[in-house]
Amino acid sequence: MPPRKRKLDDAGQDGNSSASPQTVKTTGPSAGDTAATTRSSDTLTSQYFSTEREGDVRLGVKFFDQPCVLLAKAFLGKVLVRRQADGTVLRGRVVETEAYLGGEDRASHSAGGRRTERNAAMFMRPGTIYVYQIYGVYLCMNVSSRGEGAAVLLRSLEPLQGQEVMRRLRGARRREGSRPLKEKELCNGPSKLCQALDIPRHFDRRDLVTDAEVWLERDVPRGDEEEPPAVVEAPRIGIESHGEWATKPLRFYLRGHPCVSVVNRQAEKQMAQQPGPAVPHTLHQGEAQHRIKINEN
């Protein structure tokens, strides 16, 4: 877990890690939020799949119910959708994540099986949102996975829809007179994406499977690519004080994508030296293979 008192540079290079609001009696969504989730799914259609209903593209509990490392990689290429109160829809493709494995992971908020009022979402059913504050100012968004206290941190998005609204939301937290943000800078950090998609603190413990204001959709078709980009595995950001866990390759990002927050040249070089073709993000190796790689580092 990164230090909390040091101020972040422009909201969010550091982060850490995340089921159902109805089953936890601690503070959760308001009655209005609960009512909002009962809206008909027909009102949640995606512009990218005009011939399909939202229920056909929105990802359900089966997607989220997988081991943390696999879920962190499966998130890559998926689309996070945020509907604001006025009906404005914001979308961003996930291009970078980090896995926090629960009790065994010294860098996780749930290290040692620790449960608190703050991290309760990490122990809820897969697909539950865990929003927490860092440095007393910025927010980070995580999603719980299979595994006790395990969650995936969303680190970076590629803006797809609502960029001008994102720019306004980001600009509200920047100094007056700052240079205009490039599109690739709108969501290239865990706290930046929370600002750009208007993810508030009270979204903590909401369910991505059922919520009417935030959800996850399948990959957007990309006509300019013949095959998906390879996935880079690298150490996580901002956890240098957590011993061996600081070096384990639990950060995943799409190689060559301009919206990635931090490029790890060493990891990419090692990846290029490995025999055989790179594995695209749509293909997953077994969890056991991932754990072997993690334990070797």
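**Strand 8.** I began with strand 8 (residues 251–254), where Arg251 and Tyr253 point one way and Phe252 and Leu254 the other way. All of these are buried, meaning under 20% relative accessible area, with exposed over 50% and partly exposed in between (1.4 Å probe, protein chains only). Helices (H or I, at least four residues) and strands (E, at least two) are DSSP runs, numbered from the N terminus.

**What I work from.** This is a predicted model, where local features need pLDDT of at least 70, side-chain atom pairs count only at pLDDT 80 or more, and totals for chains, interfaces and linings use all residues. Residues are numbered from 1 along each chain as its sequence is written, and side-chain values use heavy atoms, with hydrogens and water left out.

**Partners.** Which strands pair with strand 8? I counted two strands as paired if DSSP finds at least two bridges between them. Strand 2 (residues 89–100) pairs with strand 8 in the antiparallel sense over three bridges. There, Glu96 has Tyr253 as its bridge partner. Strand 7 (residues 231–234) also runs antiparallel to strand 8, joined by four bridges. Here Glu233 stands opposite Phe252.

**Backbone angles.** Next I looked up phi. Most residues other than glycine have a negative phi. Tyr135 is not a glycine, yet its phi is positive, about 60°. I found Tyr135 in the loop between strand 3 (129–134) and strand 4 (138–144). Tyr135 is buried, at 10% relative accessible area.

Asp198 also has a positive phi, near 55°. Asp198 lies in the loop between helix 6 (190–196) and strand 6 (214–217). Is Asp198 buried or partly exposed? Asp198 is partly exposed, at 27% relative accessibility.
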